[in-house]
Each structure stands twice: as C-alpha cells, then as structure tokens.
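This report describes one protein chain for a reader who is new to structures. Please look over the sequence and the model before reading on.

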Amino acid sequence: MAVSSRLDDLDQSISPDPGNVHFSPLSDQSIPPDSGAFQAPLPGEDVTQHITMGHLLRLARVVGYGLLLMSFIDFLYVLIPADFMDPVWEYQFASDLVKLVPVPLLALVLAFWGDYVERHDVEWPILRFLSWLSLLFSITLFLLMPLTVANTLRIHQFNNEQINTQVNQQQQQIDAARTQLEQATPQQLQSLASRNQNNSNAAASPDDARAQILDNLQQAKEETTAQADQARANVKQNLIKNSLKLVAESCLGSFLFLYAWLVSRWARRGKGTLKAHSRDQSNPATVFGRWVGRMMGRKPKRMKHRIR
C-alpha cells in the first residue's frame, strides 16, 4: 500500500496541468530568412510598401517607353520633308530637334529607373538599345554645334543679299524718277507746278519745283539706305542670339545624353552579368570626372601617408 501511494504521487507530479501550460510565441530568429515560410509583418511596417513600389516602377517605365514613342513621332514630323542642302531648313531642323531634347531625356530617366529591379526578360534588349541610342543622341547633338555655326554664316550672307537686292530696286526707281525729272521740258514742269498749287509748300516756278522734287528724291534715297542698315543690324542680332542659344542647348543636351550612356552601363552588360560584375562596378560619374581631369591636364592627388 505504501508503494502504490508513492507511485500515485509521482504520476501527479509528472503529468502536466493543462491550465498551467504556456506556449511562447515564435520569434523572428526561429524562422530562417531564406525559408519559404510566411513571416508576419512587424507592428511598424507598412504591408503595401513593396507592392506600391513595384507598381510605381512599372508605371514609370511604361510612361517612359510611351514618351520615347511620342518623341520618335515628333522627330519624323520635324524631319519630313527633308532638304539637307538648304541652310534655312537645316537651321530650323536643328532648332526643332533641340526643342525635343527634354522629352527623351525624361523618358530615359523613367525607363532606366530602378536599374534591374522588377525587370522582365523582354526589357533587356530594349534597355541595351536605349543605352546605345543615348550615345547616338549625344553625338548627334554634338555635331549640331559646328553645323549651326556654318548655317549661321550662310544665312547671314543670304539675308544681306536679300536686303541689298531690295535696296538696289528702290534706288533704281529713285534714279529713274530723277532721270525723268532732269529730262522734263519746261511745259511739263509748269504743269507739275500748277498741279501742286494747292499745296502750301509747293514751288511757284518750274525750276523751284524741279529742285524741290530732287531734294525729296535724295531724302528718300538716304532714308532707304538708313532703313537697310537698321534691318541688317536687327536681323544679325536676332540670328546671333538664336544661334548662341541653339549651340548652348546642343552642348548641354549632348552632355546629358552622354552621362545617361555612362550610367546605363548595367543595361548594356545584360541580365546575366549583373551578379558577376557587382563587385567590379565603379561609379561612371567618377570615371567621367577623372577623364575630364586628364583632358584638362590635372593629375590625380596621391596620399602622402599610407594608411595602415
């Protein structure tokens, strides 16, 4: 009896009480991060953050591709019909082409945004093409600068020729009127004087009428020359202003497209080389700055003391 009572006491001490059993919740460290198990969000974490960023990236890239297509349509509208030997058309084409620069630049920013995050396989050939297309845009805008200077000189010469032609025609008409006046007979001068009797400034005699008309013709000739000089100055000033603006915008656009080509090196390498070259990648902006420094004759600074 004593032995059985001891065994009953031992069973009661070993058996758990359902009311006293407590289960501790699983911590984040109990689930490995690489496992496929669902992890509950933290109290301060936004559940829709990753979903919203993914949708935003896809929307921005679709908008970027759409803007590129719109820029291509605008380029065809500006290009057709083409007349490459006409300096006026070439100048206007360069001006319209520079005005289109902000839209493809913004489109490239949207298309390249996010690098290789949330990319589909079909996008990689498109990104590689866009990266090389940005270099083509940079070269094209760079070549527009000497072309603009050459066309400015040709247009300036063409404007001067047009103004000279108009001035010569007016002066020829004035000279023809003077010749007819000098060859006029006294009867013609008398009729001309009598015709202008109602005018307070009209001459009384035929000789005075001839002298007055000759003075008016000389004054008209001088006014024509002064107006031609003023027209030349105005046209030249406007042409220089537009040309300087066009050259400056072409230079800035060429630099921006070149920078876009430098920073999109990951797109030219492709999807398979991202992990292989992740450690060897350097900042393209730093490389470009070093190249500009070498072109300007600056030597890279060296550290005097070695860090141990």
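Which residues in H4 meet which residues in H5? Leu108, Ala111 and Phe112 in H4 meet Leu127, Leu130, Ser131 and Ser134 in H5, where contact means heavy atoms within 4.5 Å.

## Basis of the report

The model is predicted, and local features need pLDDT of at least 70, side-chain atom pairs count only at pLDDT 80 or more, and totals for chains, interfaces and linings use all residues. Residues are numbered from 1 along each chain as its sequence is written, and side-chain values use heavy atoms, with hydrogens and water left out.

Helices (H or I, at least four residues) and strands (E, at least two) are DSSP runs numbered from the N terminus.

## H4 against H5

Helix H4 covers residues 102–112 and packs with H5 at an angle of about 145 degrees, their axes being 11 Å apart. Axes are lines fitted to C-alpha atoms, for helices over the stretch in contact, and angles run from 0 to 180 degrees between N-to-C directions.

## H3 against H5

The axes of H3 and H5 cross at roughly 140 degrees and come within 9 Å. The two helices H3 and H5 are therefore oblique to each other; angles under 35 degrees count as roughly parallel, over 145 as roughly antiparallel, 65 to 115 as roughly perpendicular and the rest as oblique.

On the H3 side, the residues that meet H5 are Pro87, Val88, Glu90, Tyr91, Ala94, Leu97 and Val98. Their partners in H5 are Thr140, Leu141, Leu144, Leu147, Thr148, Asn151, Thr152, Arg154 and Ile155. This contact of H3 with H5 has 10 nonpolar, four polar and two charged residues. Ala, Val, Leu, Ile, Met, Phe, Trp, Tyr, Cys and Pro count as nonpolar, Asp, Glu, Lys and Arg as charged, and the others, Gly among them, as polar.

## The largest pocket

The largest pocket holds about 610 Å³ of space. A pocket is an open set of points on a 1 Å grid over the protein atoms alone, where a 1.4 Å probe fits, with protein on both sides within 12 Å along at least five of seven lines; lining residues have an atom within 4 Å of a point. Grid points are joined across faces, edges and corners, and a volume is the space filled by probe spheres set on the points.

Of the 25 lining residues, Ser71, Phe75, Leu97, Leu133 and Phe137 are the closest to the centre of the pocket. H5 gives the most to the lining, with 10 residues.

Leu135 is placed in helix H5. Its C-alpha atom is separated by 8.8 Å from that of Tyr259, 124 residues apart along the chain.

Most peptide bonds are trans. The bond from Ile80 to Pro81 is cis, with omega near -5 degrees.
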